[in-house]
Amino acid sequence: TYQNSIAALLCEAKGLVFYDTKVTVMNRVLNATVQRTADHAAPEITLDPLEIVGGEIRSSENTYFCQAARQLSCVPSSQLCVKLASGGDPTYAFNIRFTGEEVHGTSGSFRHFLWQVCKELQSSALSLLLPCPSAAANRNKGKYILTPCPISYAEEQLLHFFGQLLGIAIRADVPLPLDLLGSFWKGLVGEPLDPEQDLQEADVLTYNYVKKFVTDESELEALCAEISSQHHSGESPESPSRPCCTFTYFTMTGEEVELCQGGRSLTVSWENKDVYARAVRSLRLRELENVECMTAVQAGLGSIIPMQLLTMLSPLEIELRTCGLPYINLEFLKAHTMYQVGLMETDQHIEFFWTALEMFTQEELCKFIKFACNQERIPFTCPCKDGGPDTAHVPPYPMKIAPPDGAAGQPDSRYIRVETCMFMVKLPQYTSLDVMLEKLRYAIHYREDPLSG
């Protein structure tokens with residue numbers, strides 16, 4: 001607020017501060033703003049997996065996201081503000097119980113819930129996020145933005161819950177597998193959009209369309225003819241046989257809107273083409289800023305973490321803190337692995353295990369991580385790298401490799417079992433690399449129930 005205050009100067013110089021330094025400060029503040037103490041039991045929600053059985057979600061109300069939002073709407077946000085997750089049995093904002101399923105521990109089910117919710121948000125089951133329009137031009141495929149349209153009270157509440165989930169994931173240190181466009185993270189930290197770069201990233205077709213207007217009159221006429229054929233626009237009132245376009249444009253959700261009052265009856269001409277181009281650009285930038293929806297998300301996030309923390313983070317840094325990296329660093333994972341019950345890293349089947357993972361694609365590695373601990377992404381930093389005790393590990397680290405339960409049967413006929421809450425892989429002593437590859441691929445591709453272990 002004050003131009004020369006230490007806070008304002010730090011905010012201006014945030015690009016000069018190392019990311020690890022910011023995270024250290026952020027973690028201290030998060031632990032200092034805990035509101036739910038050990039005396040209070042964690043809120044518990046019950047989810048019905050049958051509502052989304054077979055992957056076919058019958059309506060948005062059946063999604064895990066909406067089931068959780070309904071049940072947590074009457075829980076004060078203070079009860080969700082817990083200390084940063086650490087150690088083998090971390091404290092999470094709430095516990096999950098699945099109807100008809102017996103799950104031991106709380107971590108695996110909590111991580112599975114966050115994974116499923118991210119899948120729902122980035123699908124047609126919910127309408128809060130919209131696929132990036134640039135995907136139509138083979139750019140930023142798989143990226144999403146907040147759906148830009150007026151919202152109802154119910155949708156505002158869902159966006160508020162979405163913001164809460166971002167804060168909950170930060171406190172839990174569970175990277176969310178969300179692929180959101182950079183403009184979303186800019187809006188979240190209050191950074192202005194770049195009219196050129198962000199428009200090009202979000203909607204390259206509109207960006208190129210606007211650029212075409214700095215040409216000559218013949219090209220403008222050809223462009224109007226193209227638009228007329230595509231959108232069935234009318235003819236010019238002055239020249240009935242001459243195609244024209246008017247001061248209207250299609251929103252990202254496909255609705256034709258007027259760019260100014262009376263825009264449907266205002267024809268684009270050589271004289272006013274620049275005004276039209278600016279109006280189209282302004283429409284897209286307003287949709288990208290999406291102030292109404294972003295305010296609801298920020299309100300939800302601010303109920304879980306102090307919003308002042310965001311002023312020192314860049315858009316990329318808040319994305320890293322919330323979503324981590326979308327790939328698995330095997331060397332980092334190997335450095336945060338423990339061997340139990342007499343196993344050693346030099347055992348032959350352990351060497352087969354790591355060799356097999358090195359042969360995996362990134363997609364397969366993400367599936368292995370999902371199989372082993374019920375989250376697709378794992379943190380890429382950990383306090384224990386500085387030599388701290390095991391309790392300093394960020395969940396789900398460390399990964400634990402243990403022998404299988406019991407000793408019945410030949411090793412090569414046995415299957416890999418995991419305990420997702422513990423991030424423990426129970427690995428039979430397979431006799432060859434080929435068998436290890438076969439059993440690992442079977443485990444990650446054909447698991448029946450992601451919570452059964």
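Helices (H or I, at least four residues) and strands (E, at least two) are taken as DSSP runs and numbered from the N terminus. The model is predicted, so that local features need pLDDT of at least 70 and side-chain atom pairs count only at pLDDT 80 or more, while totals for chains, interfaces and linings use all residues. Residues are numbered from 1 along each chain as its sequence is written, and side-chain values use heavy atoms, with hydrogens and water left out.

On this basis the protein chain contains 16 helices and ten strands. Of its 453 residues, 49% count as buried, where buried means under 20% relative accessible area, exposed over 50% and partly exposed in between (1.4 Å probe, protein chains only). Among the contacts (heavy atoms within 4.5 Å) with a separation of 6 or more, 68% are between residues 24 or more positions apart.

Thr251 is placed in the loop between strand E5 (248-250) and strand E6 (256-258). With a relative accessible area of 11%, Thr251 is buried. Its side chain makes a polar contact of 3.0 Å with the side chain of Thr253. A polar contact is a pair of N or O atoms within 3.5 Å; within protein, one must be able to donate a hydrogen and the other to accept it, and residues adjacent in sequence count only if both atoms are side-chain atoms. When neighbours within four places in sequence are left aside, Thr251 is in contact with Val257, Arg284 and Glu287.

Tyr276 belongs to helix H10 (residues 273-289) and is buried, at 1% relative accessibility. The side chains of Tyr276 and Tyr209 are joined by a polar contact of 2.8 Å. Between the C-alpha atoms of Tyr276 and Cys260, which are 16 residues apart along the chain, the separation is 9.3 Å.

Four strands form an open sheet in the order E7-E8-E10-E9, with mixed pairing. Strand E7 (337-339) and strand E9 (417-419) are the edge strands, each pairing on one side only. On average, neighbouring strands of this sheet are turned by 20 degrees against each other, direction ignored. Two strands are considered paired if DSSP finds at least two bridges between them. Strands of a sheet pair through backbone hydrogen bonds, either parallel or antiparallel.

Strand E8 (residues 399-402) pairs with strand E10 (residues 424-426) in the parallel sense over three bridges. In this pairing, Lys400 is opposite Met424 and Ala402 is opposite Lys426. The pairing of E7 and E8 is also parallel and has three bridges, with Tyr339 standing opposite Ile401. Both faces of E8 are covered, as Met399 and Ile401 on one side and Lys400 and Ala402 on the other are all buried. Helix H14 (residues 348-359) lies across E7 and E8 and runs at about 135 degrees to E8. Axes are lines fitted to C-alpha atoms, for helices over the stretch in contact, and angles run from 0 to 180 degrees between N-to-C directions.

Cys421 is located in the loop between E9 and E10. The UniProt annotation "active site", from an unreviewed entry, covers Cys421; UniProt positions are given in the numbering used here, feature names are shortened, and annotations may be inferred rather than shown by experiment. Cys421 counts as buried, at 14% relative accessibility.

Helix H15 (residues 362-373) packs against helix H16 (residues 433-445) at an angle of about 70 degrees, with the axes 9 Å apart. The two helices, H15 and H16, are therefore roughly perpendicular (angles under 35 degrees count as roughly parallel, over 145 as roughly antiparallel, 65 to 115 as roughly perpendicular and the rest as oblique). At this packing, Glu364, Lys367, Phe368 and Phe371 of H15 meet Leu440, Arg441, Ala443, Ile444 and His445 of H16.

Backbone geometry was also examined. Most residues other than glycine have a negative phi, and most peptide bonds are trans. Val341, in the loop between E7 and H14, has a positive phi of about 50 degrees although it is not a glycine. Val341 is exposed, with a relative accessible area of 69%. Asn374, in the loop between H15 and E8, likewise has a positive phi, near 65 degrees, but Asn374 is buried at 0% relative accessibility. The loop between H15 and E8 also holds Pro396 and Pro398. The peptide bond from Pro395 to Pro396 is cis, with omega near 5 degrees, and a cis peptide bond with omega of about -5 degrees joins Tyr397 and Pro398.
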